[in-house]
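Subject: Structure handover

Hello,

Here is the structure you are taking over. Please keep it open while you read the notes below.

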Amino acid sequence: MRKTTAAEIARLVSVAMPCRLVGDDRTVVGPDVVRDNREATKESLFVALVGEKFDGHDFASKAVEAGSSVILSNRATDADATHVICPDTLVGLSGLARGLVAREIERGLTTFAITGSSGKTSTKDLLAQILEHSASGNVVSPQGSYNNEIGVPLTACQVDEATQYFVAEMGADAKGDVAKLCQIVPPKISMIINIGMAHLGKFGSREAIAEAKSEIFEALPQDGWAVLNADDDLISKMRPNANLAAFSIRELPDYEIAVSVEDVECDDYDRYSFTLVTSVRGDIQRHPVKLKVLGKAQMIDAAAAATAALAAGLAPEKIAEGLSIAEARSSWRMALTELSDDIAIINDAYNANPGSMAAALNSLSGMGSRNGRQRRTIAILGDMLELGDKSYDLHRNVGRMAAELGITKVYAVGEFASYISEGVTKAGGSAEVADPAKIAEILELSAGDIVLVKASRGLALEKVADRLTERFSN
């Protein structure tokens, strides 16, 4: 945020809920807004959030010692600093972020909002790098998957008078979540990447997920842009009250702004090259793209990011250049480590759902037999969480898919390991239930082997990927 005063912080917070200022209202604060005292900087605003297992108020003094000048809290603390006190610090943070974003929108900030069952973070990272390459202005986008009621406002507080573009990623655990986030960051350009089965246990059906995700379009102004996935059966039917753009990896959609791909190729590690086809009000252009990130899903995400960038008025050739230099920014998402003896470890341990499992396994299968080579493919697969009463069948399906794709060996870990293993063996493949604490130590790899490590975040399988990398680096 712009450097400001405690009085201005209190004014912005008071729009969301009553607050009072204790201390010097002229206290200078900014530009940083933090919730962790270890991240405090000179004159930063420290937000004392309260959770089930923590209370930020206990760390207010340490934040001040590290440089914070103002505390946003729900009560007085022993910190020697000016306090802005409100009943709920999360609501107060959201109100502050909403006010900061509104001020920058008024002077010309362009806001993007991205949601979907999978691919949100990758698309966000690609779009941010396109904007950084193509535009002279500053770009703000979240680190990793900062996409909830805490992450979105914290990221929003980074915008200032120099910010030209703000890319917000928005997740949803329930109906109304996206709408609330759009109140903090009113989008000018919104997109839904896909409707899959992530959080199926909470929503009950893909249709219910689509309804919740569509809130990102409902928040658009009439002169805004809704970016549709023309290849998704539920998204392609949506007709938001805004300008429409669309992307497809099958054919060029018939929209005012549209994106597709042609001449698709991929290398040994599933990094895709293609011709980016863009259409802006009938002006069709073609530009080469060579992605550094791996997986077919990244090509879909690239098409989505390109469409949003076109809607913002960026030049097609600059978009293609931006995609070709973009790198993976968020940890544990199809992160490739090439080791000696041509061994490769793919760490995709940040999250998992049926759609992302399918994409990762397809990538692994392709790497095993690409360009005439035959390489051993090993998948260490763990639980996909929050799938409700369909969890058992969906884990069996993942195992079956791995076998049908010809994955050499599957090691299943977690609560649903036996169901993954059952799916593999019934489809004629080779599987073994393993202990996640031991698998990295007992697995033996040979020259040319490729290992995929994937599960929902709760299993922390990045530790397995890290240990395998450590073991076979020499």
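The model is a predicted one, in which local features need pLDDT of at least 70 and side-chain atom pairs count only at pLDDT 80 or more, while totals for chains, interfaces and linings use all residues. Residues are numbered from 1 along each chain as its sequence is written, and side-chain values use heavy atoms, with hydrogens and water left out.

Back to threonine 111, which sits in strand 8 (residues 110-115); helices (H or I, at least four residues) and strands (E, at least two) are DSSP runs numbered from the N terminus. Leaving aside neighbours within four places in sequence, threonine 111 is in contact (heavy atoms within 4.5 Å) with Val101, Ile105, Phe166, Val185, Pro186, Pro187, Lys188 and Ile189.

In soluble globular proteins, nonpolar side chains tend to be buried together.

Another buried residue is alanine 60, at 0% relative accessibility. Alanine 60 is placed in helix 2 (residues 60-65). Not counting residues up to four places away in sequence, alanine 60 touches Phe46, Ile71, Thr77 and Ala79. Between alanine 60 and isoleucine 71 there are 7.1 Å, C-alpha to C-alpha, and the two are 11 residues apart in sequence.

Next, a pair of helices. How do helix 10 and helix 11 cross, left-handed or right-handed? The crossing is right-handed, a term used when the near helix is turned clockwise from the far one by less than a right angle, left-handed being the anticlockwise case. The axes of helix 10 (residues 296-311) and helix 11 (residues 316-325) come within 10 Å and cross at roughly 145°. Axes here are lines fitted to C-alpha atoms, for helices over the stretch in contact, with angles running from 0 to 180 degrees between N-to-C directions. Ala302, Ala306, Ala309 and Leu310 of helix 10 meet Pro316, Ile319 and Leu323 of helix 11. The residues of this contact divide into 7 nonpolar, no polar and no charged; Ala, Val, Leu, Ile, Met, Phe, Trp, Tyr, Cys and Pro count as nonpolar, Asp, Glu, Lys and Arg as charged, and the others, Gly among them, as polar.

Now the charged side chains. The whole structure holds 36 salt bridges, a salt bridge being a side-chain nitrogen of Lys or Arg within 4 Å of a carboxyl oxygen of Asp or Glu. One of them joins arginine 375 to aspartate 342, with the closest N and O atoms 3.6 Å apart. This pair links distant parts of the chain, 33 residues apart: arginine 375 is in the loop between helix 12 (354-369) and strand 19 (377-381), and aspartate 342 is in the loop between strand 17 (335-338) and strand 18 (344-348). Arginine 375 is buried at 8% relative accessibility, whereas aspartate 342 is partly exposed at 29%. Another salt bridge, between aspartate 267 and arginine 271, has an N to O distance of 2.8 Å. There is also a network of salt bridges linking Arg2, Glu8, Arg11, Arg103, Glu104, Arg107 and Glu161.

Last, some backbone details. Most residues other than glycine have a negative phi, and most peptide bonds are trans. Aspartate 342 has a positive phi near 65°. Aspartate 270 also has a positive phi, of about 65°, and is buried, with a relative accessible area of 1%. Glycine 30 and proline 31 are joined by a cis peptide bond, with omega about 10°.

Regards

Conventions:
Buried < 20%, exposed > 50% of the residue type's maximum accessible area, 1.4 Å probe, protein only.
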